[in-house]
Amino acid sequence: MSVQIKLIACSILLTGMIGLAGCSSNNEAGNSESQATAPTETAVTATSEPEVSPASTPAATAPETAPETAPAATSSPTETDKDSTSSNSQNSDKQLKELLELAKKGKVPGVKYAAHTGLIDEVEADWGKPDQQESAGKGIYATYTDKHVVFGFNKGSLIFDVRSSDSALQKLTLKQIEATLGKPDDTKVNGEDKIYTYQANDQYQLKFIIPSSTGTVDHISVFSEQDSFNNMAG
C-alpha cells in the first residue's frame, strides 16, 4: 500500500514539473514573438509618413541646368544690306542701258516724240497746248507739267531737245551712271547744276543734269545739237 502511494506521489510531482517547464517555455516564446514583431510595426509607421512634394525636389529647379533654347536664325543686317545694294545696282544698270538705247533714237522713256524727227505741232495736236512756253538760247521750250516732259524746238517746229524729269530717273546717282556708262564725254557747270554728257551716237547726246544740293538726277536730256543751230529747219 505504501509503495503505491509513493508511486502516485512521484507521478503527481513529475506531472507538475512538466507543467511548469511548459509554462516557462511558452512565456519565453511569447516574449520572442513580441520582440520580433516590434520592428515590423515601427517600419510600417515609418513608411506611413507623407512623401516629399515634387515641387521641392531638384526636378523643380531643372530650368537652371536645362540647356538654353537656341535663338532662331535670322539674316544679319549686313547680308540684307548687301542683297538690297546688289538689287539696286542691277536695276540701275538695266535702266541706264535702256536710256542709252532710247537716246540713240532721240527718245526718252514713255515719250513717242523724238528729237530730230518730231514736230512740236504733232505734240500739241496730241497733248494740247503746253503749260508753259518760253524762249531759251537758240530755241523755244514747251513744258508739259503733268507729263514731266519739256520739248525744245526751233523756229521750224522741229524738236531738237527732249527732257524728262520722271521720278524713276531722279533716284540715279553719278556713281551709278559711271558704273554703267563709264566716264562722261563732257562735263559742264550751270549754276548749281552739273551736266554730264554722253555721246549716244553721231546724232544724239544723252545728258544727265545733277544739282549739287541733291546728288541725284533732276532730269535727263536727249539732244540733237545740229538741229539746235538750224532754226529754220522743217
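The legends below describe close-up views of charged residues in a predicted model.

**View 1. Asp 227, a buried residue without a salt bridge.** Asp 227 lies in helix α6, which spans residues 225–229. The side chain of Asp 227 instead makes a polar contact with the side chain of His 116, at 2.7 Å. Leaving aside residues up to four places away in sequence, Asp 227 touches His 116, Asn 154, Leu 158, Phe 160 and Gln 203.

**View 2. The salt bridge between Asp 93 and Lys 97.** The structure holds six salt bridges, and in this one the N to O distance is 3.3 Å. Both residues belong to helix α3 (residues 77–103), where a spacing of four residues separates them by about one helical turn. Asp 93 is partly exposed at 24% relative accessibility, and Lys 97 is partly exposed at 46%.

**View 3. The salt bridge between Glu 101 and Lys 104.** The side chains meet at 3.3 Å, N to O. Glu 101 has a relative accessible area of 43% and is partly exposed; Lys 104, at 34%, is also partly exposed.

**View 4. The salt bridge between Asp 126 and Lys 112.** The N to O distance between these side chains is 3.6 Å. The pair links distant parts of the chain, 14 residues apart: Asp 126 sits in helix α4 (residues 120–127), and Lys 112 in the loop between α3 and α4. Asp 126 is partly exposed, with 42% relative accessibility, whereas Lys 112 counts as exposed at 57%.

Definitions and conventions:
Residues numbered from 1 in each chain as written. Predicted model: local features only at pLDDT ≥ 70, side-chain atom pairs only at ≥ 80, totals over all residues. Heavy atoms only, no water. Helix = DSSP H or I, 4+ residues; strand = E, 2+ residues; numbered from the N terminus. Buried < 20%, exposed > 50% of the residue type's maximum accessible area, 1.4 Å probe, protein only. Lys, Arg positive; Asp, Glu negative; His and termini not counted. Salt bridge = Lys/Arg side-chain N within 4 Å of Asp/Glu carboxyl O. Polar contact = N/O pair within 3.5 Å; in protein donor to acceptor, adjacent residues only side chain to side chain. Contact = heavy atoms within 4.5 Å.
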